[in-house]
Amino acid sequence: MSNPFDEKSTGLTISNLEILPGKRVKSHLGVVQGSTVRAKHAGKDILAGLKNIVGGELKGYTELLQEAREEATERMVQQAKSVGANAILNVRYTTTSITMGAAEILAYGTAVILE
Amino acid sequence: MSWVDYLDWIVFLTLLAVGYFAGRAAESRHFASIRKREKELAKVLAFATKYPPAAHLPQQVRLVSGSAVVGSDYFKQFVASLRTLIGGRMKSYESLLDRARREAILRMKEEARRHGYRLVVNVKIESSNITGGNRGGLPAVEAFAYGTALKPVAPAEPDRAV
Amino acid sequence: MRFENRAPEETVNYADEHPLKEFALLVVGVLGAVALGAALLGFFAGELAGRVPFATEREYAASLTERFEQAKLTPAQRDARDALRALAAKLAAAMPLPPDIAVSVHYADEPTVNAMATLGGNLVFYRGLLHKLESEEAVAMVLAHEIAHVRLRHPAAAMGRGVAVGLVLSAVSVGAGRSLGGDAVQRAAVLPLLKYSRDQERDADELALGALVRVYGHAGGATDAFTVLSQAAKGEAGRVAILQTHPLTGERIGLLQAAARQNGWPVDGMRTPLPPALRSAAAGK
């Protein structure tokens, strides 16, 4: 998976700004979104359970969520490319826990064509 | 052997003591590291405002983000669990959330600096409970910070970004 | 326009106080309140249950001892049971038992080293305990202790307390769930119940001692019985007194001796050998 945040590898600009400085939007193409639902890993959960005695960062979970956000972003980028956009503006992320031990990561934004 | 009769008490009190000492040590270490890195990264500016300075100049942009999942220790869990019975300010988890948020912002700034940016605008922070409530789940909080990093397109004067 | 990041005050978003302070406040406040509530509730429920007519209690308890009534006893076991019943009748008369309260003694051919009193005046004496007791006085002390429980309506009071505190606890645990705090609340609520249980044992000991002395003229059998029970529990070294349902044996024997001295009763005396029916049952014949 190439890094979806990297403009050079995707050819697409992503930002959570509504207007990019010095750029003009030629056309708005609608909302694009990418989402992924992840369940926590049983093995990581046992380790995290042990870690919960002494406290501190649960690195396994940090990485898991980071991967999930990258994947959600990647999917959003795919949607944007499919409508012919070269940028996604006003990007937002949300996290919802669906059931115990599973979470949905959603990324969405407006697909646009910049001049 | 009568100590076996008290095994549950022994386990509980041991976990409580281990949680207290280890958790407190981990927390003060984490805060110390956060303060140190906040000083180091003071040059990377972050704002929650939407409109960047010099909004009219073309800029290079990149979405940068950082996140941290911080778990509670056994002592904090016990105190918090008693606290939920009567309500009120849950002091034992406040510092946990503070650590997670500041760590997330730091990681976002680190990512920005790694790619040569010194300014992040429109910073959003969200905190979530990734384990779906406290019933049987692990008491851990996640903070996620993201924003748009900006630098002028003209590569000759990177220091004038601000 | 200037753009800079100033470091804001840190301890605005979390309390800059020692974590043990909140811990101490919560443990004393919440758990103390739970223990106090359970103590009060237990007290009233116990009082109330003790006022239920004995006949009602007996009706309710009819099903509890079916197992012992329907057990097929050998002739020797039947003899032992009858000997225990005769001894119980003598002790009940010496206690004395009020006319509306009656005891039914059951003999259980099981290795448990124990005897118990349950609802409806039902006493169960186990072969395991009989096997360890060496004098009639010791057997009499155990019986008298259990009869005293019945006389003082202890099984009803204990059940009333258990039910009342249990109901409130389960209501609380709907809110708290199976969490660390919920467990702590359970433990805190059980402590006063244990205290009531130990008080019951002390009261029963004292009442039993009086009956024993009135029948045998001395308190010698009393301590024998508790020593046997304590050995069956494999010693009590290292036990935490407030977590027990019964007072520790050393304390019980001390209290009994003190009570005997206070009343001018002989602390020790000649032991009567076990009646033949009990001796052969104890030997497992």
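These are my notes on what I looked up in a predicted model.

**Entry 1**

Five strands form an open sheet, and I read them off as 3(A)-2(B)-4(B)-3(B)-1(B). The pairing is mixed.

Which strands stand at the edges? I found strand 3 (55-57) of chain A and strand 1 (45-46) of chain B there. Each has a single partner strand, so one side of each is left without a neighbour in the sheet.

Next I checked two of the pairings. Strand 2 (residues 59-73) of chain B runs antiparallel to strand 4 (residues 140-152) of chain B, over 13 bridges. Within strand 4 of chain B, Thr148(B) is the residue opposite Leu63(B).

The pairing between chains came next. Strand 3 of chain A and strand 2 of chain B are also antiparallel, over two bridges. Here I noted Gly56(A) opposite Gly71(B) of strand 2 of chain B.

**Entry 2: helices on the sheet**

I then asked what packs on these strands. Helix 1 (residues 7-40) of chain B does, and it touches strand 3 of chain A and strand 2 of chain B. Its direction is about 30 degrees from that of strand 3 of chain A.

Helix 3 of chain B packs on the sheet as well. I listed its contacts as strand 1, strand 2, strand 3 (119-128) and strand 4 of chain B. Its direction makes about 150 degrees with that of strand 2 of chain B.

**Entry 3: helix 2 against helix 3 in chain B**

At what angle do these two helices cross? I read roughly 130 degrees for helix 2 (residues 74-86) of chain B and helix 3 (residues 91-114) of chain B, with the axes coming within 8 Å. That angle makes helix 2 of chain B oblique to helix 3 of chain B.

I wrote down the residues in contact. Helix 2 of chain B brings Lys76(B), Val79(B) and Ala80(B). Helix 3 of chain B brings Ser92(B), Tyr93(B) and Leu96(B). By class, I have four nonpolar, one polar and one charged.

**Entry 4: the nonpolar cores**

I looked up the largest nonpolar core, which has 53 residues. Ile88(A), Ala104(B), Met108(B), Val120(B) and Ala149(B) touch the most other members.

Which elements give two or more residues to this core? From chain A they are helix 3 (59-82), strand 4 (87-99) and strand 5 (102-114). From chain B they are strand 2, helix 3, strand 3 and strand 4. Strand 4 of chain B gives the most, with eight residues.

I took a second look at Ala104(B). Leaving aside neighbours within four places in sequence, I found it in contact with Gly66(B), Ser67(B), Ala68(B), Ile125(B), Ala143(B), Phe144(B) and Ala145(B).

Another core, of 49 residues, lies apart from the largest one. Among its residues I noted Ala83(C), Ala140(C), Ala144(C) and Leu212(C).

**Entry 5: where chain B touches chain A**

I found 49 residues of chain B in contact with 35 residues of chain A. On the chain B side, helix 1, strand 2, helix 2, strand 3 and strand 4 each supply at least two residues. Strand 2 of chain B has the largest share, twelve residues. By class, the chain B side has 23 nonpolar, 18 polar and eight charged residues.

**Entry 6: a strand in chain C**

Last, I turned to strand 1 (residues 104-108) of chain C. Four of its five residues are buried, so this strand is largely enclosed by the rest of the structure. It pairs with strand 3 (residues 122-126) of chain C in the parallel sense, over five bridges. In that strand 3 of chain C, Val124(C) stands opposite His106(C).

Note on methods: Residues numbered from 1 in each chain as written. Chains lettered and ligands numbered in written order. Predicted model: local features only at pLDDT ≥ 70, side-chain atom pairs only at ≥ 80, totals over all residues. Axes fitted to C-alpha atoms, helices over the stretch in contact; angles between N-to-C directions. Parallel < 35°, antiparallel > 145°, perpendicular 65-115°, else oblique. Contact = placed C-beta atoms within 7 Å. Nonpolar A, V, L, I, M, F, W, Y, C, P; charged D, E, K, R; others polar. Pairing = 2+ DSSP bridges. Core = buried A, V, L, I, M, F, W, Y, C linked by C-beta atoms within 7 Å. Buried ≥ 20, exposed ≤ 12 C-beta atoms within 10 Å, placed from the backbone.
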